[in-house]
Amino acid sequence: MALREIITVPNPLLKKVSKPVEQVDDELRVLMDDMLETMYAAPGIGLAAVQVGVPRRVIVMDLAREGEPPQPRYFVNPEITWRSDQLAVREEGCLSVPDIYDEVERPAQVGLRYMDYHGETVEEDAEGLLAVCIQHEMDHLEGVLFIDHLSRLNRDRAVAKVKKAAKDGAEKAA
Ligand SMILES: [Zn+2]
């Protein structure tokens, strides 16, 4: 396994629509293993392949609480099969928009269909944190970031803050 670099705004790759995966094979499992390791190291609870510069429809996630054993999850070519009318608001953050947190409103429950680590098709209903996280990660596959759900002003502020932090970091490192 290897750590990959997580890209951040305003990298234009984050706006790209990711391509479907044709088959779950060992090459894809290497990508998923690397993504999981990169996500744990960040640390984060979800990561889409495009965030490590690979625009393919792959997501990894682990929603285990502190002290619980790891619960790695893999979603290949995920689809949302239904959305609840009921909405839920939750504060979100993103490894590609570091240190920015804001509230986003999304359907509270969704139905999911995807392939797992072994290429098996899985259907399940999601609610709570899983519903939020999978919708956030699936937005990445369409080139959409959680800050795109915010007002224009808050979005521009967030991007400016991340750019400034990256610049300050580069100066410190230089
Ligand atoms: Zn994200």
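Biologist: Which residues of the largest nonpolar core touch the most other members?

Modeller: In soluble globular proteins, nonpolar side chains tend to be buried together. In this predicted model, the largest such core has 18 residues, and those touching the most other members are Leu28, Leu31, Met32, Met35, Val58, Val60 and Val76. Two or more residues each come from α1 (26-41), β2 (58-62) and β3 (72-83). Helix α1 supplies the largest share, 6 residues. A second, separate core holds 16 residues, including Ala48, Met61, Ala126 and Ala131.

Biologist: What is leucine 28 in contact with, beyond its neighbours within four places in sequence?

Modeller: Leucine 28 contacts Val21, Gln23, Arg56, Val58 and Val76.

Biologist: Which residues are the protein donors of the zinc ion?

Modeller: Ideal angles at a metal are 109.5 degrees for four tetrahedral donors. Here the protein donors are Cys94 (SG), His136 (NE2) and His140 (NE2), at 2.1 to 2.3 Å from the zinc ion. Their spacing in sequence is C-x41-H-x3-H. Both histidines belong to helix α2 (residues 128-141), where they sit 4 residues apart, about one turn of the helix.

Biologist: Are histidine 136 and histidine 140 buried or exposed?

Modeller: Histidine 136 and histidine 140 are both buried.

Biologist: Why is valine 144 classed as partly exposed?

Modeller: Valine 144 falls in it because its relative accessible area is 25%. This valine lies in the loop between α2 and α3 (152-173). Not counting residues up to four places away in sequence, valine 144 touches Leu14, Asp139 and His149. Valine 144 and lysine 16 are 128 residues apart in sequence, yet their C-alpha atoms are 8.4 Å apart.

Key
Residues are numbered from 1 along each chain as its sequence is written. This is a predicted model: local features need pLDDT of at least 70, side-chain atom pairs count only at pLDDT 80 or more; totals for chains, interfaces and linings use all residues. Side-chain values use heavy atoms; hydrogens and water are left out. Donors are N, O and S atoms within 2.8 Å of the metal (3.2 Å for Na, K and Ca); water is not among the atoms, so sites may look incomplete. Buried means under 20% relative accessible area, exposed over 50%, partly exposed in between (1.4 Å probe, protein chains only). Contact means heavy atoms within 4.5 Å. A nonpolar core is a set of buried Ala, Val, Leu, Ile, Met, Phe, Trp, Tyr and Cys residues joined through side-chain atoms within 4.5 Å.
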